[in-house]
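Have the structure open while you read.

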Amino acid sequence: MSAGRLLGLDGALLRHRGLLAAVAAATATLAIAVAIGALACAAQIVLARHVAPEIAALIVAAAAFVIAVLASLGFFSVVTRTRRDVHRAVATSAVATLAPTALSLALRHTRLAGVAAAAGIGFWLARRAR
């Protein structure tokens, strides 16, 4: 018996729905790109009535560049924060999982626990020295 069947999951249905979701996301992304291009073209046409067409094109391009830079900064900020949060969650989970076993082992084998504690502190200090 497979793990999917054991958990009540239908693999073929999940693959089918995943494919449909991917096609819908790709279609939406393409439609948004076309809409943004049309919006930029319309903005350039409107600006060209008030300033020279070359200046209107530069204004639209500069606005698109500023938006792209702000979006990139936001993206990198979110990714950095998420990485930090995931790292903390994994470290906390590891401590919560291993601490009872390590404490039980340390209480049974005090000499081994002393050596392991000294080695752990040494590795921790060496890592912090960077």
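## The pocket and the surface

Helix H2 gives the largest share of the lining of the largest pocket, five residues. This is a predicted model, where local features need pLDDT of at least 70, side-chain atom pairs count only at pLDDT 80 or more, and totals for chains, interfaces and linings use all residues. Residues are numbered from 1 along each chain as its sequence is written, and side-chain values use heavy atoms, with hydrogens and water left out.

Helices here are DSSP runs (H or I, at least four residues), numbered from the N terminus. H2 covers 11-48, and both H2 and H3 supply at least two residues of the pocket lining. A pocket is an open set of points on a 1 Å grid over the protein atoms alone, where a 1.4 Å probe fits, with protein on both sides within 12 Å along at least five of seven lines; lining residues have an atom within 4 Å of a point.

So who's in the lining? It's Ile-36, Gly-37, Leu-39, Ala-40, Ala-43, Val-60, Ala-63, Ala-64 and Ile-67. By class that makes eight nonpolar, one polar and no charged residues, with Gly counted as polar, Ala, Val, Leu and Ile among the nonpolar ones, and Asp, Glu, Lys and Arg as charged. The volume is about 210 Å³, taken as the space filled by probe spheres set on the grid points.

Now for the outside. Phe-65, Val-66, Val-69, Leu-70 and Leu-73 form a nonpolar surface patch with about 500 Å² of accessible area together. Such a patch joins nonpolar side chains within 5 Å, from residues with over 30% relative accessible area and no salt bridge (a Lys or Arg side-chain nitrogen within 4 Å of an Asp or Glu carboxyl oxygen). The areas are Shrake-Rupley values with a 1.4 Å probe.

For their exposure, buried means under 20% relative accessible area, exposed over 50%, and partly exposed in between.

| Residue | Relative accessible area | Class |
|---|---|---|
| Leu-58 | 57% | exposed |
| Leu-70 | 55% | exposed |
| Leu-98 | 56% | exposed |
| Gly-114 | 39% | partly exposed |

Leu-98 and Val-69 are 29 residues apart in sequence, with 43 Å between them. For Gly-114 and Val-79, 35 residues apart along the chain, the separation is 40 Å.

Methods
Buried means under 20% relative accessible area, exposed over 50%, partly exposed in between (1.4 Å probe, protein chains only). Patches are made of residues with over 30% relative accessible area and no salt bridge: like charges are joined within 9 Å, nonpolar side chains (Val, Leu, Ile, Met, Phe, Trp, Tyr) within 5 Å.
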